[in-house]
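Subject: Handing over a structure

Hello,

I am passing a structure on to you, and my notes on it follow below.

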Amino acid sequence: MKITAPELNRSTLARQLLLRREPLGVADAVRRVVALQAQQAASPYLALWNRTADFDPAALDAAFSGYEVVKATLMRITLHAVHADDHRTFREAVEPTLRGGRLDSRFAASGLTLADADVLVPALLAHADRPRTAAELEAWLGERLGAPPGPGAWRGLRGYAPLLHAPTGTPWSFGSRPSYVAAGPWTGLRDTEASAVALAQLITRYLEGFGPASVADVAQFALVRRGRVREALKALSGALDRLTGPDGVELYDVPGAPRPAGDTPAPPRLMAMWDSTLLAYSDRSRIVPPQYRRLVIQINGDVLPTLLVDGYVAGVWRPVAEGIEARAFHRLPAAAWAGLAEEARSLTAFLADREPGVYGRYGHWWDKLPPGAEVRVLPGK
């Protein structure tokens, strides 16, 4: 069976709750969309505002504080917010990546070895049986080592150990000075067989939220070797559909998942920074037109807040005193501007009690963008 590029786009939007806002609680919504990138504290909130009906940010505050939704270093060695029931599986699936990516040359330059890490991590988790600040844990590490740790030591351990970020307060649950708490006791995550089983489970969850997808897409999402992905897909082969993508590449999908027609209406959206939908694929043209990729994904990896029009990135946005300033990369029809204006009024009201100038620290990227085809200030009222 062949699937077209527009059908792939609409499949992604349907599974990511971007064809219509769904009446879901925050934990159910997070589970549906699999994972929300969370290196910027506001982004999971804006992501759910885009996806759920009558979203109450206090409900996500409560889910974080009760550890029903958890924030941790997972796929792509990046902070994600995931449902608590998914955390261990995802962590085990990407264990080899975390080990190689965080216990690296900088970790070794601190005078520590992989064997040292295997001794330190269980003790670190035992010490982090309640929320501890980064400074407290780094001081603990220094006491354990008998000397101040080198700069790569704490960086490596905090990224490798199964630690959750502990909520620290308003406006978005997590501030600039993180605290950590153990996700649970040390479980021997270096078991390669367990990691392979977990990867197969992660792939199934990924396809539920982002499929259909190729081997390269899965590898990009999880940042695991393609060989591991192929082995996991082989183990899953009888349980998955196989399709042919628009470029002839083989795609995999879970049976019965939504694959709407390519002309299904897609409402405009004001997407969060680092929205997972823009980053979950090797071929990002599914959502981001190739000519706009370098405009919205910066050289250091920052992903700007984007305008989504007819299912594709069409520009960027930022808050201003009067509402939302939208910079479109091409001319948009009047209906699109009307839809964006409605979203801007809703977003401005949403931000008012939290952080009206959200993402302000990233304004330097805005100044480096080309002029754009159209720039409008969409009133907040």
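In which loop does W274 lie? W274 lies in the loop between β9 (269-270) and α14 (276-279); helices (H or I, at least four residues) and strands (E, at least two) are DSSP runs, numbered from the N terminus. Before going further, please keep in mind that this is a predicted model, in which local features need pLDDT of at least 70 and side-chain atom pairs count only at pLDDT 80 or more, while totals for chains, interfaces and linings use all residues. Residues are numbered from 1 along each chain as its sequence is written, and side-chain values use heavy atoms, with hydrogens and water left out.

Backbone first. Most residues other than glycine have a negative phi, and most peptide bonds are trans. W274 has a positive phi, near 55°. W274 is also buried, with a relative accessible area of 7% (buried means under 20% relative accessible area, exposed over 50%, partly exposed in between, with a 1.4 Å probe and protein chains only). L17 has a positive phi too, near 60°, and is found in the loop between α1 and α2. At 1% relative accessibility, L17 counts as buried.

E22 has its place in the loop between α1 (5-15) and α2 (26-33). Its relative accessibility of 16% is why E22 counts as buried. Leaving out residues up to four places away in sequence, E22 touches L17, R32, R51, T52 and A53 (contact means heavy atoms within 4.5 Å).

Two peptide bonds to look at are cis: T170 to P171, with omega near 0°, and G211 to P212, with omega near -5°. P171 sits in the loop between β5 and β6, and P212 in the loop between α11 and α12.

Next, helix α13 (residues 226-236). Its residues R228, V229, A232, L233 and L236 are buried. They cover an arc of only 130° around the axis, which puts them on the same side of α13; the arc is that of the directions from the helix axis to the C-beta atoms. Among the elements that cover these buried residues are α5, α6 (95-102) and α11 (192-210). The face turned away from the buried side carries the exposed residues K234 and A235.

There is also an open sheet of three strands, in the order β1-β3-β2, with antiparallel pairing (two strands pair if DSSP finds at least two bridges between them). β1 (36-37) and β2 stand at the edges with a single partner strand each, so one side of each is left without a neighbour in the sheet. In β3, A81 stands opposite L36.

Finally, the spaces. On a 1 Å grid over the protein atoms alone, a cavity is a set of points where a 1.4 Å probe fits but cannot get out, and a pocket is an open set with protein on both sides within 12 Å along at least five of seven lines; lining residues have an atom within 4 Å of a point. Grid points are joined across faces, edges and corners, and a volume is the space filled by probe spheres set on the points. The largest pocket has a volume of about 420 Å³. It is lined by 22 residues, of which Q39, A41, F174, G175 and S176 are the closest to its centre. The largest cavity has a volume of about 60 Å³, and its lining includes H87, R91, R158 and Y180.

Best wishes
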